[in-house]
Amino acid sequence: MNAMPIVEASPMGIGAAAARAEPVESWELANGLQAVFQADDRVPLVAVHAAYHVGSRHDPPGRSGLAHLCEHLKFTGGGCATARTFPDRTTFTETLAAGDLRRALAAERARMTEHRFTEDRLEAERRLLMVERRQTVEGRPFGRDFEEIHRRLYPPGHPYHLAPVGTLDGLRCIRLGDAEELSRDGYRPERLVLSVIGNLLHAAVVEALEEIFADLPGKPWREPSFSELDPSNPLSGAPPSVLSRVPFPRVYVALRGPGFGQRDCSAASLLLRSLAVGRSSLLARRLIDRLGVARQVQAHIVPMREASTLVVAVDGIVGGDSGLLTTETLAAVEELITVPIPEERLANVRHKALTDLWSSLQRPAGRAAHLATLQAFLGRATFPADVESHYEELDTGEVAEVALSLWKAERRTVLTVNPERGRQ
Amino acid sequence: MSCAAAAHRPRLRLGGLDGAERLCLGRGLRVALAEDRTVPLLHCQWILPAGARHDPAGLEGLNALALSLFTGAPDGRAGRMAAGFEPLGADLLPHTGWDHATVAVELAARDWHAAIDWGECLFSQPPPSPAAVVAERDRRIARHGLAARNVAVQADRWWHRLAYPRSRFGHPVDGTEDSLAKIEHRHVEALSEDRFRSPLWFIAVGCVPREQLLSRLAGNVLPVRRESSARPLPEPPAETPGSTYQLAMPASAQAEIRVGQASVCRNHAAFAGLQLLAQLLGARLSGVLRDRSGTSYRTHVRLVPGTGSSPLIIAATVEASRVGETLERIAHEVERLREEPVPEAELAAAKQVSEIDFLRSLQGLPGLAARLKRLAVNEHPLDHYQDHLEEVRMLNASDLRTIARQHIHRERFFEIVVGPPVSLSPWRTAVVPLEDLDTGSQTERDHP
């Protein structure tokens, strides 16, 4: 090799291609608050991720959007802070200078101790949520489909029936007392997992958490469980196709899968990738390459505590035949169920699943969220995660069994979205 | 702006950038490497002299189309090879910017050699076939047709066309339906010989197997292009007095607002100050339009670094009935930047957010590679960002007001409203419907 430095040479040098992750520490305070820490000294920052067991599953009947509204009321902002509401949990993430950890923890304490809001604030946030809904759901092509899929997969009364964003009617009905009650009951130490990743020492984080949170009273709490896979929990019998203001037809196949982090969920993820991720997927080869009736295929998993929603979306060509698109999509799904994935193909999708997982864990904020979710749902935060070993261990036989049990017709829903006439 | 205090301030740790190195291999290929071993991935970028600024007049979108064909055409060697990336779980991301084209590959570190071998194939393959050119051109034209229905895309595109009326910067990187329709196989063939044979830089970050990687690159026989980025800056765009333009899209649920002006280039002395001002303005508008009034769920202010001019753009999505008051509020907050000194606490918070944003960008491999690339193509020293961060730290309220008065002028703003038809009276008296605007008679000139 003939290499010569032209500008500056590294003072550190660069060695072999092995990753070097710090260990993950997890512990529980006497009041039930669960904490996770991992050192990351690349830059002088810390990512703090708080996950409360408060989600849209806790919205009372007729008050859809209450957990989301409460998230808005609790969010204190800041340049590098975000908050999100999911079906099972509400999260607050902030990245800040490592030296400011205690400031972030003090803000977290305030979230658990301040439960009074004003009518003015409630009205401003209610208005903003309605604007958010119009912008991200109603005003966007295909924006309402996620809600529609959840309504079909999870019947009325089910905790996952309505989406976290809330309905306009539900948002209108929420009163100040509803928000204050959810704040008092939900934002408590025993319902919090706090994940901290950054340029700090473990001992310093333990000390700060004890000092700031230990005096908050906790009480025993456990999320009530429900049997998601109960076959008596039927899919709703909604019509298979809808009209919408979209430029091309789209077909969704969605099903109820195993909960986040479970081994069967990892198998379902491999199956989904084989079906719909990449140009060599079953759907891309059949619908794009061979038949030319589709322009794009996508797959998503919406991870939840007791079930994951698995979704495949197939975009047709502009002016294309949505009936043919639906028929051929379902034919590819049948192939997935009846023909076991060959070993070589399984190795390929496994490889992609692993690189995607690593990619999502590069940044401390993403890793903090991942570890907090593992701790909240499974009671153990590991890095690299259990999911990684699932991917490496699953063989073709086990994946084929999951395909047969998960993808059968009574567990899935099909939704075809057609362009309204004259709006294509 | 004294730098006396800077000499005693400890330098920040900048992750992978601290250990970065740049090399020139024997045959001239320039390489930049940075290590980050958080996850077992390697992120590589090949940098090509094929930015949209090199599009011939009337053929806007040519470089972007050619890059797409070169990296992924199914009948091309690189395209067939790229299909082999999928089993590796690798992502191939071609991107055309204004100055350069970048092809990024992110893959498991153990498969590092595939990125190098693919690069060699990419730069030595024959031009794409005429059929592939037609297919890709038609695919891109169809994509434009879909984008025409997207309110946000239309708002961005019209703003650029109006703010840079005599420049190709006013056209999107991926061209227009008209310009794409004129592209023929011979154009792609000529471009491929000119710009797709020689990479300017190779960047690798992550779990880098340094010795093996350099050895494999050294065995590679690609010709290497030396193109200095120290070229004279083109003339800035004309400072046209601003107007309010309106494009009616009756089916849209919300209105998209874009307000802003063509501003200074990224190497200008005032650029860092303007970036901080953009951040302050974004935080203030978010506070007013989102948190206090619940008018807009999304509001942001961007100063996009450019070699000749940087667009300063304020973007908001609002209900049609609140467009007028939002325009007024934006105008008010812009005027405050020019007239009132920023309070110390607000300034300190903005500086901290700016620094944290920068440091966060170094925590992911694509962000780290992007920083290393910017240092490389602009021929900045490896400690350039330490100086930049220090420059931002030293800015005070007086500096910012001076910069705002010199470089932010409401009378040079272009205001665009795209969405449901709405009357802007009494907020705006001169409103130009975009449907009536003749945009076919623009004369072309170089990138600003």
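This is a predicted model: local features need pLDDT of at least 70, side-chain atom pairs count only at pLDDT 80 or more; totals for chains, interfaces and linings use all residues.
A:Asp356 counts as partly exposed, at 25% relative accessibility, whereas A:Lys352, with a relative accessible area of 13%, is buried. An α-helix has 3.6 residues a turn, so residues three or four places apart point the same way. A further pair within a helix is found in chain B, where B:Arg393 and B:Glu390 meet in a salt bridge of 3.8 Å, N to O; both lie in helix α13 of chain B, three residues apart, or about one turn of the helix. Here B:Arg393 is partly exposed at 24% relative accessibility, and B:Glu390 is buried, with a relative accessible area of 13%. Over all chains, the structure holds 60 salt bridges.

Three salt bridges are found across the interface of chain A and chain B. One of them joins A:Arg42 and B:Asp36, at 2.7 Å from N to O. A:Arg134 also pairs with B:Glu319, with the closest N and O atoms 3.5 Å apart; because A:Arg134 lies in helix α3 of chain A and B:Glu319 in the loop between β10 and α10 of chain B, this pair joins two chains. Both partners count as partly exposed, A:Arg134 at 24% relative accessibility and B:Glu319 at 22%.

The contact between the chains takes 68 residues from chain A and 74 residues from chain B, and the area buried between them is about 5900 Å², of which carbon and sulfur atoms give 56%. Across this interface, 22 residue pairs are in polar contact. On the side of chain A that touches chain B, the elements giving two or more residues include β1, β6, α3 and α11, and α3(A) gives the most, with eight residues.

Chain B has 14 helices and 12 strands, and 59% of its 448 residues count as buried. In helix α14 of chain B, which spans residues 397-407, the buried residues are B:Ala397, B:Asp399, B:Leu400, B:Ile403, B:Ala404 and B:His407. These residues lie on the same side of α14(B), because they cover an arc of only 155° around the axis. They pack against β8, α9, α10, α11 and α13 of chain B. At the start of α14(B), a side-chain oxygen of B:Asn396 comes to within 3.0 Å of the backbone nitrogen of B:Ser398.

Methods: Residues are numbered from 1 along each chain as its sequence is written. Chains are lettered from A and ligands numbered from 1 in the order in which they are written. Side-chain values use heavy atoms; hydrogens and water are left out. Buried means under 20% relative accessible area, exposed over 50%, partly exposed in between (1.4 Å probe, protein chains only). Helices (H or I, at least four residues) and strands (E, at least two) are DSSP runs, numbered from the N terminus. The arc is that of the directions from the helix axis to the C-beta atoms. Contact means heavy atoms within 4.5 Å. A polar contact is a pair of N or O atoms within 3.5 Å; within protein, one must be able to donate a hydrogen and the other to accept it, and residues adjacent in sequence count only if both atoms are side-chain atoms. Buried area is the accessible area (1.4 Å probe) that two parts lose on being put together, summed over both. A salt bridge is a side-chain nitrogen of Lys or Arg within 4 Å of a carboxyl oxygen of Asp or Glu.
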